[in-house]
Amino acid sequence: MRAYVVRRGLQVIPVTFGVTLLVFAMMLLIPGDPARAILGSYATPENVATLERQLALDRPPHIQYVTWLGNVVTGDFGRSYSLNRPVLDEILERFSATLLLAGTALLITVVLGLTAGIIAAVKQHRWQDRAFTVGALVGLSIPSFWLAMIFIVVFALGLGWFPTSGMRPAFGPSGPLTVLHHLVLPATALALVAAGVIARLTRSSMLEVLRQDYVRTATSKGITRQSVIMRHAFRNAVVNVVPVIGVQVGFLLGGAVYVETVFGWPGIGRMLVTAIGTRDILLVQGGVLLVAITYVLINLAADLVQAALDPRIRLG
Amino acid sequence: MSASTASPDQTPDDGVVVPRRGGTTWRRLKRNRLSVAGLIVLAIVVLLALLAPVLPLIDPAATNPANRLQPIGSEGHLLGTDHLGRDLLSRLIWGGRTSLSVGVFATLIAASIGSLIGLIAGFFGGATDNSLMRGIDVLMAFPYLLLAIALVAVLGPGLVNAMIAISIVNIPFFARAVRGTTVSLVASEYVDAARALAFSRLRILFREVLPNVMPTIIITMSTTVGWMITETAGLSFLGLGAQPPTSDWGAMLGAGREFITRAPHVMIVPGSAIFLVVISLNFLGDGLRDALDPRLK
């Protein structure tokens, strides 16, 4: 296992390098003068000149990159001109809100997706299978920004069960029930697409495994059906699903942009959309970098979990 | 369609009867009722979008403040009106032209660039393969929509830029799938034969390998086109895509959001259209995948 961890861990380095390079390139590619873009249109020429020196903007691009990377690694993401506060403070605060939303959505995705997939596979060709298969396809075809609004119309405005918008911080003064009350609609709206993907994959992996000889052997040894399904079949089927759960985190983190916009959730997605509007490039850069690096690490974690579950991967 | 009868093709030199490939695909597809339903829905939607200029529709831009936020089924406005009194049916059909063509264009761009990368990487292997696919890995390292948003931040909001962003984000799906198929094809006997005949590498790549990679490209297109329509609509919804006076389904949804309490139908109408098109595409895509690649079933 240790060799695999090292091998897979080392793959993170070039990818992370590429990610930083691409995020840095954003600055070079925006039209106009970067220093002026960072400081906003009301900056004095002196301020612009100072910043240009600080960021080595008068030097060749590779020097600029190294300067920028050095700043970022030491936690200096610059200062947002539109908010007049350090970018790092803002993106960390916003990211915790997004993590609360996306984390809850991930929980719903995994529980719903795996359960629906297992039931559909076990009841293949029965009504449960058809219901879940169509349900999964409906789930992954509904645009989450639309579903979020439908949820508001039905469950918030119509039935009045949940608030229409807003967030309560996870570790704030309001109790866990209030936090949850605000979370249910946005997290579910976000989760359904990903749950559809997971359900379809779980179903097909389970069907494949259930056809294997060892499952028949287990059944003929007189082991209970439940044990055959969960201990023998599911444990092997889930191996294929784990890395895709990692990929789905990317869809949740991205899709959060829509859901946050609809529900007025103060997360990083909504911040990005606002920052594009105010052309606050440092905020966009910092936010994208933070989320992308998180996603790289989550995919790493998913692959390591998969390897822990399946010796063929860590030894192959 | 005449191909459904699968007329056999005589190959000239050996006289062996081989069923026509297109015919088989169509016959397999026809057996899947949901796929056929999807195809019919799509055909109707595409037809409506194409015929928009000749249909007896009210001008989609004509405002009528006295007649604003009319409900579905009101007189003269089958789907009601929006916050400026514009006819929603007309806007839906005209907006569909924009949404569908942007989605299809994005798919074509992503498919051409992504497939080319995949073909080259898979065919030449070695350092070419390595450097191209590491680049693809970097694109995949970003959460899908986030990269699109970052690209729009650089390019500036607008429908064309949103389309470019969405196609770039989808390039990896094509590159990976096509590379995989290409690698397996390169090892096959008929490519060896082509090499033995001293065909140029370009000829082998485009005349021998590409036609056999086509099913992979088509399958990937069918699975991604729905996302691309949804995601470009999503960018418009966020205000990063279509800018007024241009309007697509996403921009209509974004405008409808403001009136969600008083007139939810303004956002339900365009959202239903996106949903209907995407689920039809998914039904069709599932059937197409089974028909083109029976091994996956």
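**View 1. Contact between chain A and chain B.** In this predicted model, 42 residues of chain A are in contact with 41 residues of chain B. Between chain A and chain B, an area of about 3700 Å² is buried. Carbon and sulfur atoms give 83% of this buried area.

**View 2. The salt bridge between chain A and chain B.** The count of salt bridges between chain A and chain B is one. A:Arg200 and B:Asp286 meet through their side chains in a salt bridge, with an N to O distance of 3.0 Å.

**View 3. Polar contacts and the elements on the side of chain A.** Five residue pairs, both residues at pLDDT 80 or more, are found in polar contact across the interface of chain A and chain B. On the side of chain A that touches chain B, the elements giving two or more residues are α1 (2-29), α6 (127-141), α7 (144-158), α10 (225-263), α11 (268-277) and α12 (281-309) of chain A. The most is given by α10(A), with nine residues on the side of chain A that touches chain B.

**View 4. A nonpolar surface patch on chain B.** B:Val46, B:Leu47, B:Leu50, B:Leu51 and B:Val54 make a nonpolar surface patch of about 480 Å². One of these residues, B:Val46, lies in helix α2 of chain B, which spans residues 33-51. B:Val46 is partly exposed because its relative accessible area is 41%, a value between the limits of 20% for buried and 50% for exposed.

Technical notes: Residues numbered from 1 in each chain as written. Chains lettered and ligands numbered in written order. Predicted model: local features only at pLDDT ≥ 70, side-chain atom pairs only at ≥ 80, totals over all residues. Heavy atoms only, no water. Patch = residues over 30% accessible without salt bridge, like charges linked within 9 Å, V, L, I, M, F, W, Y side chains within 5 Å. Areas by Shrake-Rupley, 256 points an atom, 1.4 Å probe, with all protein chains shown as cover. Salt bridge = Lys/Arg side-chain N within 4 Å of Asp/Glu carboxyl O. Helix = DSSP H or I, 4+ residues; strand = E, 2+ residues; numbered from the N terminus. Buried < 20%, exposed > 50% of the residue type's maximum accessible area, 1.4 Å probe, protein only. Contact = heavy atoms within 4.5 Å. Buried area = accessible area lost by both parts, 1.4 Å probe. Polar contact = N/O pair within 3.5 Å; in protein donor to acceptor, adjacent residues only side chain to side chain.
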